[in-house]
Amino acid sequence: MASSPGLYFFSILSAAFIAVVASLYLGETKNSTSALYCVSDPTKQYIKTLNNSVSEAKCFQVQNGVFTEVLTEVPISNKNEIHYLDGFVLPGIIESHGHILQYGEMLESVSLYEAESMAEVRKRIKAFLDAHKGEGYGTRDKWIRGIGWDQKYFGGVMPTADELALDPALASLYIMLDRVDVHCVLTSQKVLDLLPNPLPKAPPGGVVVTDPGPGVFCDNAMDAIIYPLAPKPDVARKTRWFKTAMRELNKIGIIGIGDAGMRPDDVAILEGMAEKGEMNLRINVMLECAERNTYCPGETKNLRLLDHPKGMGGSMLMLGGVKLFADGALGSWGAALLEPYSDKLETSGTMLINETELTNVVNDWYTAGFQVNIHAIGDRANRAAVDAFENVLGSNCDGCNSARRLRIEHAQIIHPNDQKRIVKFGIIPSIQPTHATSDMAYALDRLGSERLSNSAYRMASLFPPSLSSPVSPYPGPVLGSDFPVEPPNPFHGMFAAVTRLSPATLTSPSGDGGWYPEEKLSVEQALRGFTRNGAYGWLKEDMIGAIEVGKLADWVVIHKDVMADQSGVSLREVVVKETWVGGKKVYCIEGREQIKDDSKENGVYGLLEWLRNRVASATKCMGWTEAGNSLVEEL
């Protein structure tokens, strides 16, 4: 097909645009070793530093990816050299508990969150297949994956393989769907056909659900029975998942995540990415053995990360110790409780490892010099974790955990006696505020009023009475979301922590005042939980977590002042405008703005206007406003 003169001119302009931006970029990077950044409107905007010596600022200097100066006023003498930040500035957000590979996979899977019936689940699977025709989904080598179903929408009854097969279009496909908490999977009949008949018995710490029918496997049962049958994604696909997830997390202000359990083979992929400069998100990874809850030095010994205590690739990849699992999840009655469930008296949940073995494996990793992070949701599991930590810290420990930073991941239901022990030892609770606001719909049924009121979903009571202590530097819990179990937006997590309301519905079972409001955090506490405290939980408080001289230059620009509304309600409305990691802009909302293309209506003049808009937007996003303005004037 012959091309028109307009299209030819358009191609020339596009090439010119690329060349201009490239030249601007190269010119900028040559002089980018030192730069001064200030808020664009110092009469209204400010930088919340979380720096104890300078709490609010107007500017900071960055050199080689590190903050070198923090200024309370905008310098008058060198205004032409200032890079302006159009908004309110916070330290970069640290998400202390998530699963980045699973999140990347989820973004290419069937989303089943809030599916209110199995008919809706089937409908969403078919929509996914329609969107991916010809890609081989549903075959033995490429199963359909999904996440987010919850039996609370199905009358509290676990779904079955037969229900998936009610649609003939799905009956012959290989399907594996994660429950919302990722502690159970629902499988199709084709997957069940790969297993012996009758079905294998569940291993210790696992459940094979057969009532009202087969299809669901939980905890150690899914690990031992189902996962070995599933196709294994190759390195190229996992690399794509990592990169996709990083980009999405940058969009919501996240500069670093604590990955809560990654196999050494997957860590090796990140090592390669870090060395090539392909990471735009800091990842503090907790190692997980191929066989959960074991000591596996043979699997980890070849990781290059072990030889880099400050991390690889400019501290983009860091070691966060090891991950162990004490129990399952509350929603599937898997959290291990000291007393039976109030709505299922025949069970007290599931310990994935018994107390003696947990104590032994903690001792193995602790002795080898690793930080230990234990998943514990129920009060029995939390007691087992505290007991195992006391065994290595010593019963006379008074804040001594500041040296090793042993952590309990989730820390959801803790007997009052064990809450006191956690505070005494300085054990770090790693809490996900949106778990509380998601679970509040059924927590009373599961736990009963007494257990719920004195043991469950503590937040404020786990913070120290002041920000500093002569005995321990412990700053309080570290906060996260457990994405993809919950959406990763940290400002929604802060909203949940401060209001004790659901970010999705703005409600709670207790009304507008919030669910157990005595456990509300202040806005400052919530922000610290996602910044300074997160850095402490990584043993990296000297490197990240605040805008402070000597720390890595990670920050986020948002559209409003979250400190102005101490109710926390406005946290839910925060829009992230820019995200910076190590002095490098990794996300900018300006570059995502859709600019109308009038070229078809206005010919060459339309193309020129399109180019002017593209240059203005791109250069503003990249911080080259003055150079961009000059170029726009020439155009």
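Among contacts between residues at least 6 apart in sequence, 73% join residues at least 24 apart in this protein chain. The model is a predicted one, and its chain holds 20 helices and 24 strands. Of the 635 residues, 55% count as buried.

**Nonpolar cores**

- In soluble globular proteins, nonpolar side chains tend to be buried together.
- Here, the largest nonpolar core has 124 residues, and the residues with the most contacts inside this core are Ile100, Ile283 and Leu358.
- Helix H11 gives this core its largest share, eight residues.
- If you want to look at Leu358 in your viewer, its contacts beyond four places in sequence are Leu324, Ala326, Ile353, Ile374, Ala384, Ala385 and Ala388.

**Helices H10 and H11**

- Helix H10 covers residues 355-367 and helix H11 covers residues 379-393; their axes come within 9 Å of each other and cross at roughly 40 degrees.
- The two helices, H10 and H11, are therefore oblique to each other, and their crossing is right-handed.
- From H10, the residues that take part are Glu355, Leu358, Thr359, Val362, Asn363 and Tyr366.
- From H11, the partners are Arg380, Ala384, Ala385, Ala388, Phe389, Asn391, Val392 and Leu393.
- Sorted by class, the residues of this contact between H10 and H11 are nine nonpolar, three polar and two charged.
- Leu358 links this topic to the previous one: this H10 residue takes part in the contact with H11 and is one of the residues with the most contacts inside the largest core.

**Helices H7 and H8**

- Helix H7 (residues 235-250) packs on helix H8 (residues 264-275) at an angle of about 65 degrees, and their axes are 11 Å apart.
- That angle makes H7 roughly perpendicular to H8.
- As for handedness, the crossing of H7 and H8 is right-handed.
- On the H7 side you will find Val235, Lys238, Thr239, Phe242, Lys243 and Met246, which meet Asp266, Ile269, Leu270 and Met273 of H8.
- The contact of H7 with H8 has six nonpolar residues, one polar residue and three charged residues.

- Arg282 sits in strand S16, which runs over residues 282-287.
- With a relative accessible area of 2%, Arg282 is buried, since the cut-off for that label is under 20%.
- Arg282 is 27 residues from Ile255 in sequence, yet the two are 6.1 Å apart in space, C-alpha to C-alpha.
- Not counting residues up to four places away in sequence, Arg282 touches Ile255, Gly256, Ile257, Gly314, Ser315, Met316, Met318, Ile544, Leu552, Asp554, Val581 and Gly582.
- Gln419 belongs to helix H12, residues 416-425.
- Gln419 also counts as buried, at 13% relative accessibility.
- Setting aside neighbours within four places in sequence, Gln419 is in contact with Ile414, Asn454, Ser455, Arg458 and Ser461.

**Cis peptide bonds**

- The peptide bond from Asn197 to Pro198 is cis, and its omega is near 5 degrees.
- Pro198 is found in the loop between helix H5 (189-192) and strand S13 (206-209).
- Phe483 and Pro484 are likewise joined by a cis peptide bond, with omega of about 5 degrees.
- The loop that holds Pro484 runs between strand S21 (478-479) and helix H16 (490-499).

- Asn64 is not a glycine, but its phi is positive, near 50 degrees.
- You can find Asn64 in the loop between strand S4 (59-63) and strand S5 (66-71).
- Asn64 is exposed, with a relative accessible area of 59%.
- Tyr516, which is not a glycine either, has a positive phi of about 50 degrees.
- Tyr516 lies in the loop that connects H16 to helix H17 (523-529).

Methods:
Residues numbered from 1 in each chain as written. Predicted model: local features only at pLDDT ≥ 70, side-chain atom pairs only at ≥ 80, totals over all residues. Heavy atoms only, no water. Axes fitted to C-alpha atoms, helices over the stretch in contact; angles between N-to-C directions. Helix = DSSP H or I, 4+ residues; strand = E, 2+ residues; numbered from the N terminus. Parallel < 35°, antiparallel > 145°, perpendicular 65-115°, else oblique. Left-handed = near helix turned anticlockwise from the far one by under 90°. Contact = heavy atoms within 4.5 Å. Nonpolar A, V, L, I, M, F, W, Y, C, P; charged D, E, K, R; others polar. Core = buried A, V, L, I, M, F, W, Y, C linked by side-chain atoms within 4.5 Å. Buried < 20%, exposed > 50% of the residue type's maximum accessible area, 1.4 Å probe, protein only.
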